[in-house]
Amino acid sequence: MINRLFKNKDVFAQTQARLTLLYVGLLSLFLAVFVVVVYWLLSLVIYNEQKKDLLSFLDQSTNVIEKQMKENRQAEEIDLNDRNLLGFGNDQFFYYLIGADGALIAGKEVFPVLRPELLELVKDWKPGNNEVSYETITTDAASADGMPGDRPPAGKLSLMIAGKPVLTGQGSSSIFYVAKNISQQHSLFQWLLCILIGVAASFTIVAFLIGRYMSHLAMLPIAESYDRQRTFTADASHELRTPPSVLLMSINALELEQESSGSKVERACPVHMERENASVTARSEKAAEDDNDFVSKTLATMKDEVKRLTRLVGDLLLLARSDASEFELEHKMFDFRPIAEKTVQSMETLAAARSIRLELEAPNRAMMRGDAERMKQVLYILLDNAIKFSPEGERIIVQLRASASERRGLLRLTVQDKGPGIKAADAARIFDRFYRTDKVRTRRTSGHGLGLAIAKQMVEAHHGKIGVWPEVGKGSTFYVMIPVAFK
């Protein structure tokens, strides 16, 4: 679902998806912290309570044992099985009195068959003050010896063990160990963790739905404002196409009129030379030439600016249409090889003006499904961009590669130039609208930062990808990858 949200070409849908994921991410982080804190606090409280009870029983038991020792009784004579002595209950899993030599003096456990394993748990362990140890043993009731009532349940048993030294006579010290079965609490906390995670996951799903709905409401006024702006841009661009066209036609007419007037002046010059003084005629001719040069330069400047305005208006109109629903593609199979050849040939005149050679490397056939005119315009934009920024006398290589199958694979188009190259920092933004890496140089080459943005729109409409391999000082290679057949 996330991939489908971000593959949407609508910038508002992408923004809505990002807002939704941001909201869900923050809430998920809060829920994770909440789960950890609640689980930790509950475990701390309950386990501390169990530890407190165990240590209290340990103190009482050691006091009883030491009291018996004061009555000059031998340690071996202490009966730990006497309930009146230590009060062995359901909470205590075992208690052992281990001598200084490591031998068992006395002991009792819930399941006697587990005594060897339980003694291994406390072997060589010298507990500190109020120190407890958490141990786990695995039991198998089927393989245990003894009567059925003496067999522990199969599975894992979680034990909390504590110990304390006691004086057992003549200054010798033994250690009294006691353990508590906390398997029930351990299992309870495992279930509690699962429940908390389940609740957090449920809240995350609900938060996603709520975030999706709220972000949609938040984007509505912005989308409506943008739609009005986009409609205005499209309408204004459409209306602005007519004045530049009229101006260009008028400039062309003035140029023709100027050429015609110049011819008349040249034919009339011999007559004037016969009737007027030679010096006066020379000054008049020079003034006329200066006027003609001024008018020619002015007309040329006006013509260039009108052409630039015409391209800008056309690009704005194309962008407005690409954003709107009216931007649609034809889905037809066609051979891109002849289209690439004609496009390269049409750009050779522009390249020759700067002594730049255009070279095309392509297979005999390059079949793909899509809009032939849009793909032609993509190649035109890339070639125009390469010619603008390539030094004089260099060459531009256009490569076309297509897969053998018409149902699968990619059509790869690359345009390599020998220009100044593009910085890695600029490569990520060069396809943004109105973005220019070098504003002074781009302004000098009549660029306005829309060509590559338009190319990106067309390529993505074909479900393709466009990018650049930057290499500062060694030129740039723009690449386009289009699925041969897409739906």
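This is a predicted model: local features need pLDDT of at least 70, side-chain atom pairs count only at pLDDT 80 or more; totals for chains, interfaces and linings use all residues.
Mentor: Residues are numbered from 1 along each chain as its sequence is written, and side-chain values use heavy atoms, with hydrogens and water left out.

Trainee: What makes up the chain in helices and strands?

Mentor: The chain has twelve helices and twelve strands.

Trainee: Why is Leu-379 called buried?

Mentor: Buried means under 20% relative accessible area, exposed means over 50%, and partly exposed is in between, with a 1.4 Å probe and protein chains only. Leu-379 has 0% relative accessibility, so the residue counts as buried. Leu-379 lies in helix α9. Of the 487 residues in the chain, 35% are buried.

Trainee: Why does Asp-384 count as buried?

Mentor: Asp-384 is found in helix α9. Its relative accessibility is 19%, and therefore Asp-384 counts as buried.

Trainee: Why is His-463 called partly exposed?

Mentor: His-463 stands at 46% relative accessibility, so the term is partly exposed. The residue sits in the loop between α12 and β11.

Trainee: What makes a set of residues a nonpolar core?

Mentor: The members must be buried Ala, Val, Leu, Ile, Met, Phe, Trp, Tyr or Cys, joined through side-chain atoms within 4.5 Å. The largest such core has 40 residues, and Phe-336 and Leu-383 have the most contacts inside it. Elements that each supply at least two residues of this core include α8 (336-352), α9 (372-389) and β9 (395-402). The largest share, eight residues, comes from α9. Leaving aside neighbours within four places in sequence, the contacts of Phe-336 include Met-375, Leu-379 and Leu-400.

Trainee: How do you know that β3 and β4 pair?

Mentor: Two strands pair if DSSP finds at least two bridges between them. Strands β3 (residues 132-139) and β4 (residues 155-167) have eight bridges in the antiparallel sense, with Ile-137 opposite Leu-157 in β4. Strand β4 is also joined by nine bridges to β5 (residues 173-181), again antiparallel, and Ala-162 stands opposite Val-178 in β5.

Trainee: Why is there no salt bridge at Asp-371?

Mentor: A salt bridge is a side-chain nitrogen of Lys or Arg within 4 Å of a carboxyl oxygen of Asp or Glu. For charge, Lys and Arg count as positive and Asp and Glu as negative, while His and the chain ends are not counted. The nearest side chain of opposite charge to Asp-371, Arg-374, is 4.2 Å away, and Asp-371 is buried without a salt bridge. Asp-371 is placed in the loop between β8 (367-370) and α9. The backbone nitrogen of Arg-374 lies 3.3 Å from a polar atom of the Asp-371 side chain.

Key: Helices (H or I, at least four residues) and strands (E, at least two) are DSSP runs, numbered from the N terminus. Contact means heavy atoms within 4.5 Å. A polar contact is a pair of N or O atoms within 3.5 Å; within protein, one must be able to donate a hydrogen and the other to accept it, and residues adjacent in sequence count only if both atoms are side-chain atoms.
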